[in-house]
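Subject: Structure handover

Hi,

Here is the structure I promised to pass on to you. My notes on it follow just below.

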Amino acid sequence: MGEVNFMQEEDIRLETTRARFANVVKRHAQLTERLSRDSDKMIFERLQKEFEAARASQSQEINLDGEQWNDGLLATVREQVHMEADRKTTSGDANDMPTSHFQEKVTYRVGNKVICCLEGTRIGILYETSFADVYVMAGEPCELYHCVLESKSFLEKMTVLEHTIPFFLPIREVENDLLSSNAMRFIDHIGELLQAYVDRREQVRLVKELYGNQIGELYHSLPYHMIEFVLEDSDCKVTVSLRYPDLVSVLPTRVKVLAWPMHQYKKSHTSSAGAMGSQPIPARLSYAEDALRTMSLPEAYAEIVLNLQQALQQMFQGGSPC
């Protein structure tokens, strides 16, 4: 009886989560429409043009790896933008003095990040996201995101002036936690957040594209850190729940896959209403949970479906539903 009560409570929580996700999906559609208005597009287009112009004006682009990307280099970039701003302020005209007296303008590439000097005392970071999976052999380029940092003087802390990062990612929290104490870590962490978000989103997109006809319901939060979907089998209904507590994760750390025996469910509805013992008792599919923890979502889904019938037969026909 205690086991039945526990599973009923789990079912109620699952239904509550589904209702919450349905509301999230509705809000997502509304927010997507609002955020795609002309004003938001203009911000992206304006920053994209400014970044392209800044990169075109640089004398060279340097690829950095490993220890080459460090606080000292970031301090050099900050010094360059302030020296250039001071020079233009004191000279009054950039053409009054030969450009050879000044340091060359350099753009730096660090992995998926491009760091360049913008007008004034601003530093621009361009994040280039991509997606690669077992079904996508080469990394497909995805969105570009911008982040503009500014400081009033070389000695003052930098702040985020403007950006095109999705509003549901915690850029302001990361700014408060890291930017004043470790600007390099802030830049890197924002890149990790963006890439992980794109990875999770594209995994869901690919699953829907490949197996959409097999999925009855699918819900997800805006940053794709909570995902729920249902598989309907002739004998069982399989519910999958994924949680990514860390937003830089591309694999879930909390996974639950339950198989609900449909023949028990139908039997319960033909029995007397309200009978506790007539409720279906689900079984956890451990092999499916292990696959989802260690593989990308499309790859794990294929593994689940491949072994689903055998797992269900062993659990339910063997008389051990739990």
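Please keep in mind that this is a predicted model, in which local features need pLDDT of at least 70 and side-chain atom pairs count only at pLDDT 80 or more, while totals for chains, interfaces and linings use all residues. Residues are numbered from 1 along each chain as its sequence is written, and side-chain values use heavy atoms, with hydrogens and water left out.

First, the overall picture. The protein chain holds eight helices and eleven strands (DSSP runs numbered from the N terminus: H or I of at least four residues for helices, E of at least two for strands). Of its 322 residues, 44% count as buried (buried is under 20% relative accessible area, exposed over 50%, partly exposed in between, with a 1.4 Å probe and protein chains only). Taking contacts (heavy atoms within 4.5 Å) between residues at least 6 apart in sequence, 60% join residues at least 24 apart.

Now to strand β3, residues 113-117, where five of five residues are buried. In a regular strand, side chains alternate between the two faces of the sheet. Here both faces are covered: K113, I115 and C117 are buried on one side, and V114 and C116 on the other.

β3 has antiparallel partners (strands pair if DSSP finds at least two bridges between them). Three bridges join it to β2, residues 106-110, and five join it to β4, residues 122-133. V114 takes part in both pairings: it stands opposite R109, and its bridge partner in β4 is L126. Each pairing is also a hairpin. Two residues lie between β2 and β3, with G111 in the turn at a positive phi of about 60 degrees; four lie between β3 and β4, where G120 in the turn has a positive phi of about 75 degrees.

T107 belongs to β2 and is buried, at a relative accessible area of 1%. What is T107 in contact with, leaving aside its neighbours within four places in sequence? The list is R55, Q58, Q60, E61, I62, V114, I115 and C116.

Finally, helix α4, residues 171-179, has I171, V174, E175, L178 and L179 as its buried residues. Seen down the helix axis, these fall within an arc of 105 degrees, so they line one face of α4 (the arc is that of the directions from the axis to the C-beta atoms). On the other side of α4, N176 and D177 are exposed.

Best wishes
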